[in-house]
Amino acid sequence: MIDINIYSILGTAVLGNMIAYWYSPIQTAKVRLILLFKRRRFIHGLLDEVLNCSKCSSFMLGIIVFWDLPIAALVALLGFIINFIIDFINEWYE
């Protein structure tokens with residue numbers, strides 16, 4: 001089990017955002033994985049929602065890494081805040 005500290009919680013939230021849409025090289029593999037389950041509508045919809053939402057991907061990653069529901073909820077909240085900051089900075093540069 002991973003040692004729970006603020007660095008691992010923030011790092012997990014950032015990784016959730018990277019999976020959702022921030023890290024470009026992983027996006028093509030993610031789209032192919034989602035399209036692989038196109039015939040199974042439930043799994044396709046679930047994967048589409050979880051892998052394209054920063055809160056959802058951060059929460060699931062937090063559950064997988066920490067095996068603790070309150071910490072996973074905190075990771076999801078931090079993922080949402082990080083996503084908001086990234087969107088705000090991108091808007092500011094435009």
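Helix α3, which covers residues 41-51, has three buried residues: His44, Val50 and Leu51. The arc here is that of the directions from the helix axis to the C-beta atoms. Buried means under 20% relative accessible area, exposed means over 50%, and partly exposed lies in between, with a 1.4 Å probe and protein chains only. On the face of α3 turned away from its buried side, you will find the exposed residues Arg41 and Phe42. The cover over the buried residues of α3 includes α1 (6-22), α2 (27-36) and α4 (54-66).

Before going on, a word about the model. It is a predicted model, in which local features need pLDDT of at least 70 and side-chain atom pairs count only at pLDDT 80 or more, while totals for chains, interfaces and linings use all residues. Residues are numbered from 1 along each chain as its sequence is written, and side-chain values use heavy atoms, with hydrogens and water left out.

## The overall picture

Helices (H or I, at least four residues) and strands (E, at least two) are DSSP runs, numbered from the N terminus. The C-alpha trace spans about 40 × 40 × 20 Å along its principal axes. Of the 94 residues in the protein, 31% are buried. Contact means heavy atoms within 4.5 Å. Among contacts between residues at least 6 apart in sequence, 54% join residues at least 24 apart.

## Helix α2

Which residues of α2 are buried? They are Gln27, Lys30 and Ile34. Seen down the axis of α2, its buried residues fall within an arc of 60°, so they line one face of the helix. Thr28, Arg32 and Leu36 are exposed on the other side of α2. Helices α1 and α3 are among what covers the buried residues of α2.

## The nonpolar core

A nonpolar core is a set of buried Ala, Val, Leu, Ile, Met, Phe, Trp, Tyr and Cys residues joined through side-chain atoms within 4.5 Å. The largest one here has eight residues: Ile9, Ala13, Phe66, Ile71, Val75, Leu78, Ile82 and Ile86. Both α1 and α5 (69-93) supply at least two residues each to this core, and the largest share, five residues, comes from α5. Take Ile9 as an example: not counting residues up to four places away in sequence, Ile9 touches Ile4, Phe66, Ile71, Leu74, Val75 and Leu78.

## A polar link between two helices

Ser54 lies in helix α4, and Asn83 is found in helix α5. Their side chains are joined by a polar contact of 3.3 Å. A polar contact is a pair of N or O atoms within 3.5 Å; within protein, one must be able to donate a hydrogen and the other to accept it, and residues adjacent in sequence count only if both atoms are side-chain atoms. Leaving aside residues up to four places away in sequence, Ser54 touches Asn17, Ala20, Gly79, Phe80 and Asn83. With its neighbours within four places set aside, Asn83 is in contact with Asn17, Tyr21 and Ser54.

## Cysteines and aromatic rings

How many disulfides does a search of the whole structure find? The search finds zero. A disulfide is a pair of cysteine sulfur atoms within 2.5 Å. The sulfur of Cys53 is 3.1 Å from the closest cysteine sulfur, in Cys56, which is too far for a bond.

There is one aromatic pair. The rings of Trp92 and Tyr93 have their centres 5.3 Å apart and their planes at 55°, so this pair is tilted. Rings of Phe, Tyr and Trp (its six-membered ring) pair if their centres lie within 6.5 Å; planes under 30 degrees apart count as stacked, over 60 as edge-to-face and the rest as tilted.

The table gathers the accessibility of residues from these last two sections.

| Residue | Relative accessibility | Class |
|---|---|---|
| Ser54 | 3% | Ser54: buried |
| Asn83 | 12% | Asn83: buried |
| Cys53 | 14% | Cys53: buried |
| Cys56 | 24% | Cys56: partly exposed |
| Trp92 | 64% | Trp92: exposed |
| Tyr93 | 64% | Tyr93: exposed |
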